Amino acid sequence: MNTTKLLEAARDAAQKAYAPYSEYKVGAALLCADGDVFAGCNVENVSYGLTNCAERTAIFAAIAAGRRCDFVALAIVADGESMPYPCGACRQVLSEFCCDEFSVYIAKADALDDYEVASLGELLPRSFHIAE
Ligand code: THU
């Protein structure tokens, strides 16, 4: 699975977003080490705080399918003028399952080739952990 295909999977997932309130559709595609991909979209609710972001939908789908910590990369795609950087809550949830070297690819839906890439360590430095 190359980067373009992962970004395309995220763009496809954004089409499935349920976003009647913000009208901001986000898609995410999570790549596992064996090449499997779990997609997610944002799912809004009339009680706005219950909204689930696309990134967390994707990672929760993978966890619910029994996957654990074999995640390689995540692509995030959305329409709009600005790059769809992941929110703080999604960064924290990613850090539960992904190492600092995990790659996050970010692009606007109409310009997949102009993607940005960052490691999770860059997106969430000095993250919260409990020493074991
Ligand atoms: N959203 C995401 O899906 N991912 C993020 O990282 C930030 C925000 C969604 C939530 C909501 O449905 C819409 O974007 C506007 O905030």
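Analyst: The structure holds three salt bridges, a salt bridge being a side-chain nitrogen of Lys or Arg within 4 Å of a carboxyl oxygen of Asp or Glu. This is a predicted model, in which local features need pLDDT of at least 70 and side-chain atom pairs count only at pLDDT 80 or more, while totals for chains, interfaces and linings use all residues. Residues are numbered from 1 along each chain as its sequence is written, and side-chain values use heavy atoms, with hydrogens and water left out.

Asp34, Asp36, Arg67 and Asp70 are linked in a network of salt bridges. In one of these pairs, the side chains of Asp34 and Arg67 meet at 2.8 Å, N to O. The elements are DSSP runs numbered from the N terminus, helices being H or I with at least four residues and strands being E with at least two.

Arg67 also forms a salt bridge with Asp36, and here the closest N and O atoms are 2.8 Å apart. This pair again links distant parts of the chain, with Arg67 in the loop between α2 and β3 and Asp36 in the loop between β1 and β2, 31 residues apart. A further salt bridge joins the side chains of Asp70 and Arg67, at 2.9 Å from N to O.

Arg67 is buried, with a relative accessible area of 14%. Asp36 is partly exposed at 35%, and Asp70 is partly exposed at 22%. In the loop between α2 and β3, which holds Arg67, there is also Cys69. Cys69 is exposed, with a relative accessible area of 52%, and its phi is near 55°, a positive value in a residue other than glycine. A positive phi, about 50°, is likewise found in Arg126, which is not a glycine. Arg126 is placed in the segment after α4 (120–123) and is exposed, with a relative accessible area of 87%.

Turning to the ligand, the residues around it are Ser22, Tyr24, Val26, Asn42, Glu44, Thr51, Cys53, Ala54, Glu55, Tyr85, Pro86 and Cys87, where a residue counts as near a molecule or strand if one of its heavy atoms lies within 4 Å of it. An N or O atom in the side chain of Asn42 is 2.9 Å from an oxygen atom of the ligand. The backbone takes part as well: a polar backbone atom of Ala54 is 2.9 Å from a ligand oxygen, and a backbone N or O atom of Cys87 lies 2.9 Å from an oxygen atom of the ligand. A polar contact is a pair of N or O atoms within 3.5 Å; within protein, one must be able to donate a hydrogen and the other to accept it, and residues adjacent in sequence count only if both atoms are side-chain atoms.

The largest pocket contains about 170 Å³ of space. It is lined by 13 residues, of which Tyr24, Val26, Cys53, Glu55 and Tyr85 lie nearest its centre. On a 1 Å grid over the protein atoms alone, a pocket is an open set of points with protein on both sides within 12 Å along at least five of seven lines, and its lining residues have an atom within 4 Å of a point. Grid points are joined across faces, edges and corners, and the volume is the space filled by probe spheres set on the points. The lining comprises eight nonpolar, three polar and two charged residues, with Ala, Val, Leu, Ile, Met, Phe, Trp, Tyr, Cys and Pro counted as nonpolar, Asp, Glu, Lys and Arg as charged, and the others, Gly among them, as polar.

A polar atom of the Ser95 side chain lies 2.7 Å from the backbone oxygen of Gln92.

Technical notes: Buried means under 20% relative accessible area, exposed over 50%, partly exposed in between (1.4 Å probe, protein chains only). On a 1 Å grid over the protein atoms alone, a cavity is a set of points where a 1.4 Å probe fits but cannot get out, and a pocket is an open set with protein on both sides within 12 Å along at least five of seven lines; lining residues have an atom within 4 Å of a point.
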